[in-house]
Amino acid sequence: MTQTIEQNAVAGLSQATLVRRRFLRHKAAMVSVFVLGGIILLAFTSVGLELGTEATPIRVPGWYGYGYAQINPVENAGAPTLDILPEFIDGTGLAVGNHPFGQDEVGHDGFARVMRGAQQSLMVMFVIGLVATIIGVVIGSVAGFYRGRTDSLLMRFTDLIITIPVVVVGAVIGRSIGNLGSFILAIFLGLFTWTGLARLVRGEFLSLREREFVDAARVAGASDRRIIFRHILPNAIGVVVVSTTLLMSAAILLETGLSFIGFGVRLPDVSLGYLINENQTAFATRPWLFWYPGLFIVAIALCVNFIGDGLRDAFDPRTKRVPKAKELAK
Amino acid sequence: MLSFIGRRLIASLVVLLAATYVMYVLTAYSGDPLEDLRTSTARNKEQLIEHRIQVLNLNIPPYFRYFIWLKGILAGLIGQLDLGKNLIGQPVDALLASAVGHTLQLVTSATLIAILLGVIVGVATALRQYSGFDYTVTFISFLFYSLPVFWVAVLLKQYLAIGFNDFLVSPQVSPLAIIVCTLLAAFIWSGILGGTWRRRGIVAAISGGATALVLLLINLTHWFENPSIGLIFGAILGVGTALIVTSLSTGLDNKRARNSSLAVVLLGLILWLPFDAISKFLLAPAVFGIAAGFVAIGVAIGWFNGGVDRGPVARTSGITALIMAGIIGVDRFMQAWQPYFNSSYVSGRPFATVGSSTPNLQGSFWVMGVDTFTHLLLPTLALLLIGFAGYTRYSRASMLEIMDQDFIRTARAKGLSERTVVMRHAFRNAMIPLTTLVAFDFAGVIGGAVITERVFAFSGMGKLFLDSLLHVDLNPVMGFFLITGTVAILFNLIADIVYGLLDPRIRVE
C-alpha cells in the first residue's frame, strides 16, 4: 500500500523534504521543468553565446552552422526543411535539413534567429525575476517588519511605482539612454516590476512578526536583521518563490510585448517579440517565420506557469490531494 | 470610515502628484519632440520649429515646464481645465474624449464577458475538482494565460476574420466540423454536469445530438446567408433560460419563481413581433429604454407574484427578462445582417481585421450595431482569452478554499440541498476576494489595451498613448496618465470599501 502525502506528513519529515516530495509529484510541473530545461539547453548551445561589448565581442560558438545575423543564400523559397511527420503520414520521412525553421526573404536562418531570440527572452526573464525579487523582498520585509511610518512611506513609494506604465520605462531606456542591450533593459524593467511581490511579502511579514517564535528570538537578543533574514524570511519563502515564478512568466510576456511595439530589444539583436513584429505582415507568404517564435514564447511562459503552480501546491499545506475512492478502497 | 476615506484620498493625491512629475520628466527625456520637423522638407521648416517651441514652451527645461502643465490642471478646480495641446495643435481634451469612448466600447464588453465566463467556468471546475473536465480547463486557462496577445491577434486575423469571410462565400458547415463540434459539446456538457457514467452518457448523447441537429438545420436552412432566431427557436431558448435561471437562483421547486419567469418569457414572445415592426424607427436611447422597461416589468412580475420571498423571485424573473430582451435584440440585429452584408461598403467580407467601423457606412441603429460587432469581435476575443484565463484560475482557487470550510460542512449536515449550499453559502463567499481583481480590471479598462489596440489599429486610449509616446508628445501622454491614474486610485478605494462591507471580518480603519 502506498502512503499518501498527508500520511507522510505525520511521519516527522522536514519542511523542505515535504515540499520537494509534493513538487516531484506534480506531473505538469515536472514535465515543465524538463521542457524548459530542454529549451534553455537548446537555445544556449545551438547558436552559442555572445558576450562583451559591441567593440570587443567575445563569441562562444555553438553547434549550429549558421549565425543569427548571417545572411545565407535563400534555398527552397525559404520554406522550413524540418519534417517531423514520419513517412507513413506524408510520405517524405523525418528530416532536419539545412534550415529547419526556414529563412526570411533576405536569407537569415530562422532557427538561428529564434534561438538567439529565445536566449534574449530567457535572459531578460531571469534578470527581471532576480532584480524584482530582491527589491520586492527587501522593501516588503522592511515595511512589514517595522510597520508605522516606515511602512506607509514605503507603501506609498510602491504605489508611485505601480502607477508608472512600464511602456514609458521601455521608451526612455530605449531612446534617450540609447541602445544598451537587453541586459540593461532587463535590469531597468526589474526596477519597476517588484511592486506586487513587495505587497505580498509585506502582508506575510505583518502576520509572521506577531508569532511566538519572533518574540522568542527577540528575547534571546537577536538583532532586527537576524530576525528578518533568519527567522521570518525562511517562513515566507513559499510566497516569495511562487510569486517570483509568476512574475517571471509575466516578465517574458512583458519583454516580448515591449519588443513587439518597438521599445524592447532592437536590431542588430533580436528577441522573440521582435521577430513576431518583423514577420507579422509576412504571415500569408511565410507563416513559419511567425509561428516558431510565437510557439517558443508560449512554451516558455507555459512551462514557467506550470512550475509556479507546482510550487504553489508544494508550499501550501492546505492544498490537499484528496485520494480518489478507488485508491482508498485498496 | 470617513476619516479613513479622507486619509486615503489625500495620500493617493500626493502619490499621483509625484507620479505625474516622474512621468513628465521621464517622457520628456525619452526623445526629441521636434524630430518630425527637423527631418521635414517643408520650406518654412525653421518657422514651424520656432512655432512649436513657442506654443509648447519647449525652451523651458522639463523640470520647470511641468509646473506650467500643472497650472492648467489646477485651473480645473475653478472650471478652466487646460490639458494643453498636442504637437500639431489639437486640444488634448477632445482627443481624450474620443479615445475614451472607443476604448470603453472595446474593453468593457471584453472585461464583462471575461468575468462572467471565467467565474462560471472557474466555479464549475472547482465543483468537479480533479475530473477530466477540470484538468482540460486548467490546461487551457494556463495556455491562454501564456499567450502573447499580439501573436494571438495575428492568428485571429488570419483564421477567424479572413477564414470566416472566405467561409461566408458559400456558407455550408463541413461534415468534419459537425462531428468535431458534436464531440466537443458532448465532452464539455458531460464534464460540467458530471455524476455517474450513466448520467454522463445521457448528457453527452443529448448535448451532442442537439449540437449536431442545430448545425444540420443551419446547413439546410442556409442560416448564415440570412441569420435569425425566429419565434419558435426563441420560445425554446426562452423557456430553457427561464428554467436554468430558476434552478440556479431559487430552485425549480419554487413554483412562484418558475411561473414568474415563464410568464416573462411568454410576455417577451407576445411583444416580439410588435417590437420588430417598430424597431426600424428606433434610435439607440429608445432601444435601451425599451430593454430597461422590459427588465423592470420582469422584476415587477416577480415582485407581485412572489408572495413571501418576493426578493429572490423578482431577481429570478428580472434576470430572465434581461436574457429574453437580449435574445429579442440579437434576433433583430440578425435581421440587419443581410442588408449589411450586401452593402457596397462591406461587399461580402464583413469581418474586419483593423479599425473600429466601416468608413462611410450609413444605416439604422441595427445596421451600425452589426458593423460595430464585426469590428469589435476580434480585439474583444483577443482580450477575452487572457482575461478569461485569470478569472477562471482565481474563482476556481477561491471556490475550492471556501468549499473546504467548516460552515459548508455544517450547511450540508443541516440537510440543505446542494444548490443552496453551492449558490448561497459557497458561491457568495467565494466571490468576495474577486472584488479586488474586478476593481483593478475596471480601473485598467479605461487605459485601454496598448498592444491590442495597436495590432487592430483601434483608435482608443492605448493607441493615443503609444502614438504620443513615440512622438514624445507630452500633453496627450500626461492627459492619458491623469485619467488612468485617477481612475485607478478611485477604484482601489472603492475596492477597499466594498471589501469591508462584504466581509465583516475586515474593518477599514
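In the predicted model, the C-alpha centres of domain 2 and domain 3 of chain B are separated by 26 Å. The assignment for chain B places domain 1 at 2–96 + 448–502, domain 2 at 172–221 and domain 3 at 229–347.

The interface between the two chains was examined next. In chain B, 40 residues are in contact with 39 residues of chain A, and the two chains bury about 3,600 Å² between them, with 76% of this area on carbon and sulfur atoms. On the chain B side, the greatest losses of area to chain A fall on Phe142(B), Phe150(B) and Trp151(B), which together account for 18% of what that side buries. Polar contact between chain B and chain A is found for three residue pairs, and the rule finds one salt bridge across this interface. In that salt bridge Asp309(A) is paired with Arg393(B), with the closest N and O atoms 3.7 Å apart. The side of chain B that touches chain A draws at least two residues from each of several helices, among them α6 (132–145), α7 (149–167) and α15 (365–403), while α1(B) gives the most, with eight residues. By class, this side of chain B comprises 31 nonpolar, five polar and four charged residues.

Over all chains, the count comes to 11 salt bridges. In one of them, Asp159(A) is joined to Arg199(A), with the closest N and O atoms 2.9 Å apart; because Asp159(A) lies in helix α6 (residues 148–163) of chain A and Arg199(A) in helix α9 (residues 195–208) of chain A, the pair ties together parts that are 40 residues apart in sequence. Arg199(A) is partly exposed, at 33% relative accessibility. A further salt bridge, at 3.2 Å from N to O, links the side chains of Arg209(A) and Glu210(A); Arg209(A) is buried, with a relative accessible area of 16%, whereas Glu210(A) is partly exposed at 47%.

In chain B, Arg409(B) and Asp406(B) form a salt bridge in which the closest N and O atoms are 3.4 Å apart. Both residues lie in helix α16 (residues 406–413) of chain B, three residues apart, or about one turn of the helix. Arg409(B) is exposed, at 53% relative accessibility, and Asp406(B) is likewise exposed, with a relative accessible area of 54%. In chain A, salt bridges that share partners join Arg147(A), Arg209(A) and Glu210(A) into one network.

Gly181(A) is located in the loop between α7 (166–175) and α8 (182–190) of chain A and is partly exposed, with a relative accessible area of 35%. The C-alpha atom of Gly181(A) lies 23 Å from that of Leu289(A), a residue 108 residues away along the chain.

Methods: Residues are numbered from 1 along each chain as its sequence is written. Chains are lettered from A and ligands numbered from 1 in the order in which they are written. This is a predicted model: local features need pLDDT of at least 70, side-chain atom pairs count only at pLDDT 80 or more; totals for chains, interfaces and linings use all residues. Side-chain values use heavy atoms; hydrogens and water are left out. Contact means heavy atoms within 4.5 Å. Buried area is the accessible area (1.4 Å probe) that two parts lose on being put together, summed over both. A salt bridge is a side-chain nitrogen of Lys or Arg within 4 Å of a carboxyl oxygen of Asp or Glu. A polar contact is a pair of N or O atoms within 3.5 Å; within protein, one must be able to donate a hydrogen and the other to accept it, and residues adjacent in sequence count only if both atoms are side-chain atoms. Helices (H or I, at least four residues) and strands (E, at least two) are DSSP runs, numbered from the N terminus. Ala, Val, Leu, Ile, Met, Phe, Trp, Tyr, Cys and Pro count as nonpolar, Asp, Glu, Lys and Arg as charged, and the others, Gly among them, as polar. Domain bounds come from an automatic or database domain assignment. Buried means under 20% relative accessible area, exposed over 50%, partly exposed in between (1.4 Å probe, protein chains only).
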